[in-house]
Amino acid sequence: MTLIKIKNLKREFANDEVVTKVLKGIDFEIDKGEFVSIMGPSGSGKSTLMHILGFLDKLSDGSYHFEGEDVSKLEDDELASMRSKKIGFVFQSFNLLNRASALENVMLPLLYSDMPHKDRENRAKKLLEDVGLEHRLHHSPNKLSGGEKQRVAIARALVNNPEVVFADEPTGNLDSKSGLAVMKILQDLNEKGNTVILVTHEKYTAEHAKRIIKLKDGELVEDVEVSHRQWANTNGELTK
Amino acid sequence: MDIRENIISSWVMIKRSKARSFLTMLGIIIGVMAVIVVMSVGKGAESLILNQIKSMGSNLVGVLPGASEEDGPPASAMGIIITTLKYEDGQAIIKKGCDCIESLAMYVSGNDVINYGDNKVSTNFSGTTASYIKVEETEVRTGRFFTLEEEKGVAKVAVLGFEVKEKLFGDQDPIGRRIKIKKTNFLIIGVMKERGVSGFTNQDDQIFVPISTAQKLLLGVDHISAIRAKVDSDKNMEKALDSITWILRDKHGIDFGEADDFTARSMAQGLEALGSITAALRLFLVAVSAIALVVGGFGIMNIMLASVQERTREIGLRKAVGAKKIHISLQFLIESSVITFLGGIIGIILGILISILTATVVKSMGYDWDLVITPFSIILGTGVSIGIGLIFGIIPARRASQLDPIEALRYE
C-alpha cells in the first residue's frame, strides 16, 4: 500500500532577489512498512525533502499524496495536526527539554493529542521500557548519556503511534557503539511493521535500510534496493 | 491541550529562576499593593469622617458668629473673636424655634492651668449649658452634670473630662474635691465618660463648667462662641436651619437684603467637605498605582520576549511534535499570567499588611478608623494582575507562535 507519493516535487527559497532551487522535481513512492534511507552530501536537499515529507515545510510546486490524500496545500495548523497524528521525528541533536524528565519528554507530543492524561503516562512508560530505559524515567536528559538521550527521543517519536518515523542523522552525535544500538532499534521497529525514513550522508548508516534514495543538487540520482544490508544488535555490534 | 499542565510547567519555570521572576513581578506587586492600600485607606478615611459625624450626631446644627462665604468657614472658626452671638440668642431659639429642634447647647471656651494641690495641668475648659449632655449624646461616668439652675446661677462647679481626671487624680475619686482655675475654686461634681476624638477634638482632655461661670468668672465676656442644636430627624435639617436663621436675623435686627452676621450649618455638611478632599486624593493615588501596573506590564512583556528568544528551540520542537499556533500562544499567555497572578497575590498580601498597619497606627492615635478590606478590592487586584499578564503577554505569545519550526529547531 502506497503511503507517500510525490510527483515533480519542487522547493525554492526566495531570498531578496535570489531564488535558490533546492529540490528540482523529485518523483518517488514509498509503501507502508518500508525502511528507506535518503542519502546525499550536504546541500543535496535531503533535509528539505525530509521536512516536506514530515509536514514541517511546504512544497513550492508538484504534488504530495499521503495515504492517498493530496496534502500539497495544507495550512500551518493543518500541517501541525498531520505531524501530531502521523509523524514521529528523531533529530541528530536529540532536542530534549532539559528541565523535564525523560518521561515528561516522551509525553510531550501527547500534550497536543486527544489522549486522556492518565493514558499518556502509561503509554510513555511503555515506550521507554521498549527502548530499555525503564530505570531512567525520572532522570533529566542532561544526566543521560548520548545513546540514552537518543533512545528517549526515539520513544518520543513513537509515542503518538505514527505512520512514519523520520530520523535525521540519528547517529550523527553518537559514538559508533551507541549509534549502532540506535540503528538496531530502528531496524526492530521496521521489522514490527513501522515505516522508517532515515536521512543520512553516510553510506554505511544508509545501508541499514532496505532501500536507498540518493539525492544530489536537488535531483534524484539513484533509487535502489540495498543488496548487502547492515544489521546491528542491541550491544552495538554488527551481526551480519 | 491541558491548561492545568501549562500552569504547572509555568510554575516550574518560575521556581527555576526565582530572582528573575521576582524582579519581573515587582511592578505588578507594587501596583496591586498600591491599589489595595488606596482602597482600604480610602474606606478607612471615609469611616473616620462618618464616625466623626456619627459621634457628633448627623442631626446637629451648628451656629457660629460671623458671616461666611457660601462654603467657606466663618472667620470665627479661624480664631478671630466675634462677639455678636449671645446667650439670649440661644434662649430665643429654644423659645421660638421650630418644634423640630429637640435641644440646644451653647458654648464658650478657653484654656488655662488647672490646679489640684501641687498637680497642674493645662487644659481647655468649655463653658456650656446643662443641655450639653443631651445635645452631644454623652453621659457622666461618675457623679452628675450641672443643672439648669447652676448654668444660670454662676455656680462654681466643674465636670472633668476623663483624661483630665486621670492626670490630676489618677485612681482617686475626685468628686467632692476642689480644683482651682484662675484663682477660683471649683467643686468637682462629675467625671465624663471616655469619648475619644469627636469633631476632631479630644473630648476627654477638657473640663466643663456652667456657661455663665465661664463668661463672668473665667473669661470676662458676655458673648458665646457657638450654638449647637439637635434636630429630631435628618429630614428636618433644612427646616431647623431656616427657623434658626430667621430668629437670629430678627433678633440681630438684620434688614431684608443684608447678609447674616452668623453662620448656621449642619455639622455633617462641614465634614463632608473633608470627604471630597480625600476622594480627590484617592483618585490621584489610583492613577499612580495604575501607572505602576502599566510599567509592570511592560516589564513582563520585556521578560517574556527574552524568554521566547531563549526558548526558540523548545518552541521549534513543540511545533515539530504537533503543537499548533494556539497551543504555543496559550503556553506563553498562561506563563505571563501565572507570573502576574503571583505578583498580584504578593501585592494583595503586602497591601493588606500595610492597611492593617495604617489602621493600627491611626487607632493608636485615638481616631475611630475602621479597617476595611473589601472582597471587591481583592478581586480587582487579582483580576487586574491576571489581565495585565494576558494583555502584555499577547505580543510575546504571538511572536512565539509565528516561529517557523525548521528555523526554530536550528536556532543556536
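**Before you start**

Residues are numbered from 1 along each chain as its sequence is written, while chains are lettered from A and ligands numbered from 1 in the order in which they are written. In this predicted model, local features need pLDDT of at least 70, side-chain atom pairs count only at pLDDT 80 or more, and totals for chains, interfaces and linings use all residues.

**Stop 1: chain A as a whole**

Select chain A. Its C-alpha atoms fill a box of roughly 50 × 40 × 40 Å along the principal axes. The radius of gyration is 18 Å, which agrees with the value near 18 Å for a compact globule of 240 residues. That radius is taken over C-alpha atoms, and the globule rule is 2.2 Å times the number of residues to the power 0.38.

Switch to cartoon. Chain A has seven helices and 10 strands. These are DSSP runs, numbered from the N terminus: helices are H or I with at least four residues, strands E with at least two. Of the 240 residues, 46% count as buried. Buried means that 20 or more other C-beta atoms, placed from the backbone, lie within 10 Å of the residue's own.

**Stop 2: helix α6**

Select residues 176–191 of chain A. This is helix α6, with 16 residues. It reaches 22 Å from its first C-alpha to its last, close to the 22 Å expected at 1.5 Å a residue. The expected span is 1.5 Å times one less than the number of residues.

Which residues of α6(A) are buried? Among them are L180(A), V182(A), I185(A) and L189(A). Now show what covers them: the cover includes β3 (35–39), α5 (146–158), β7 (164–168) and β8 (195–200) of chain A. After α6(A) comes G193(A), whose phi is positive, near 110°.

**Stop 3: S47(A)**

Move to helix α1 (residues 46–53) of chain A, where S47(A) is found. S47(A) counts as buried because it has 22 C-beta neighbours inside 10 Å. Leaving out residues up to four places away in sequence, S47(A) touches D168(A) and V199(A). Contact here means C-beta atoms, placed from the backbone, within 7 Å.

**Stop 4: where A meets B**

Show both chains. The contact takes 18 residues from chain A and 19 residues from chain B. On chain A's side, the largest share, six residues, comes from helix α2 (residues 76–86).

**Stop 5: chain B**

Finish with chain B. It is divided into domain 1 (3–53 + 272–410) and domain 2 (85–260); the bounds come from an automatic or database domain assignment. The C-alpha centres of these two domains lie 54 Å apart.

Key. Two residues are in contact if their C-beta atoms, placed from the backbone, lie within 7 Å. A residue is buried if 20 or more other C-beta atoms lie within 10 Å of its own, exposed if 12 or fewer, and partly exposed in between; C-beta atoms are placed from the backbone.
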